[in-house]
Amino acid sequence: MDPGFEAALRQFVIDRSGALFRTAYLLTGDRHAAEDLVQSALAKTAARWRGLRDPEAIEGYVRRTMYHEQVSWWRRRSRVVEVSTQERLDRADDGHAEAADLRVTMRAALSRLTPRQRTMLVLRYFEDKSETEIARLLGVRVGSVRSQIYRSLERLKTSAPELSTVREFR
């Protein structure tokens, strides 16, 4: 492997792996599945690295690969989301109990959504994609995107009303 190629890839992984993992976690709702999703996307990106010249295009390629991998996973099998009550909770970044409580509440609320609903919310509100872009990425109709987002927000409002004080849901 070319040393320059390897160094550039290594630096990209160091710089962007945290953000990519957060997005993958929001897509999957599971820490281990998120790690697998990021690794899979990075492996596919490494295979195409030489053809990706623009640094912004590289991250876009990785994220698009993660979305497509997750959608392909849904299409291959359906599963029930399981949340371990024994899982060690991450400590809050700022050390405050409020931040930890919010993270626990958000994790629990997102785990109650279907994988498709979680993905639609991540793409719409965390990645700031339009409904048309989401429909194109996931291979569904725009009406399906709108209804899934609406149902997701309604489910979040009813299952975790304390989240509505953090930011009003649309």
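Helices here are DSSP runs of H or I with at least four residues, strands are runs of E with at least two, and both are numbered from the N terminus. By that criterion Arg48 is found in helix 2, and the protein chain as a whole comes to seven helices and zero strands, in the pattern α-α-α-α-α-α-α along the sequence. This is a predicted model, in which local features need pLDDT of at least 70 and side-chain atom pairs count only at pLDDT 80 or more, while totals for chains, interfaces and linings use all residues. Residues are numbered from 1 along each chain as its sequence is written, and side-chain values use heavy atoms, with hydrogens and water left out.

**Chain totals**

- The chain exposes about 10,600 Å², of which carbon and sulfur atoms supply 50%; accessible areas come from the Shrake-Rupley method with a 1.4 Å probe, and for residues only the protein chains shown count as cover.
- Among contacts (heavy atoms within 4.5 Å) with a separation of 6 or more, 60% are accounted for by residues 24 or more positions apart.

**Nonpolar core**

- The largest nonpolar core has 38 residues, of which Phe12, Leu20, Met66, Ile134 and Ile149 touch the most other members; such a core is a set of buried Ala, Val, Leu, Ile, Met, Phe, Trp, Tyr and Cys residues joined through side-chain atoms within 4.5 Å.
- At least two residues of this core come from each of helix 1 (3–28), helix 2 (31–48), helix 3 (55–76), helix 4 (97–111), helix 5, helix 6 (131–138) and helix 7, and helix 3 gives the most, with eight residues.
- Leu20, placed in helix 1, is buried with a relative accessible area of 1%, and beyond residues up to four places away in sequence it touches Phe12, Val38, Leu42, Glu59, Val62, Arg63 and Met66.

**Helix packing around helix 7**

- The axes of helix 5 (residues 115–126) and helix 7 (residues 142–159) come within 9 Å and cross at roughly 100°, where axes are lines fitted to C-alpha atoms, for helices over the stretch in contact, and angles run from 0 to 180 degrees between N-to-C directions.
- Helix 5 is therefore roughly perpendicular to helix 7, given that angles of 65 to 115 degrees count as roughly perpendicular, under 35 as roughly parallel, over 145 as roughly antiparallel and the rest as oblique.
- Residues making this contact include Met120, Leu121 and Tyr125 of helix 5 and Val145, Ile149 and Leu153 of helix 7.
- The axes of helix 6 and helix 7 come within 8 Å and cross at roughly 110°, which means that helix 6 is also roughly perpendicular to helix 7.
- That contact is made by Glu131, Thr132, Ile134 and Ala135 of helix 6 and Val142, Val145, Arg146 and Ile149 of helix 7.
- Ile149, leaving aside its neighbours within four places in sequence, is in contact with Met120, Leu121, Arg124, Tyr125 and Ile134.

- Arg118, in helix 5, counts as buried at 1% relative accessibility; Arg118 and Leu27 are 91 residues apart in sequence and 5.9 Å apart in space, C-alpha to C-alpha.
- Arg48 is partly exposed, with a relative accessible area of 45%, and Arg48 and Tyr61 are 13 residues apart in sequence and 9.5 Å apart in space, C-alpha to C-alpha.

Methods:
Buried < 20%, exposed > 50% of the residue type's maximum accessible area, 1.4 Å probe, protein only.
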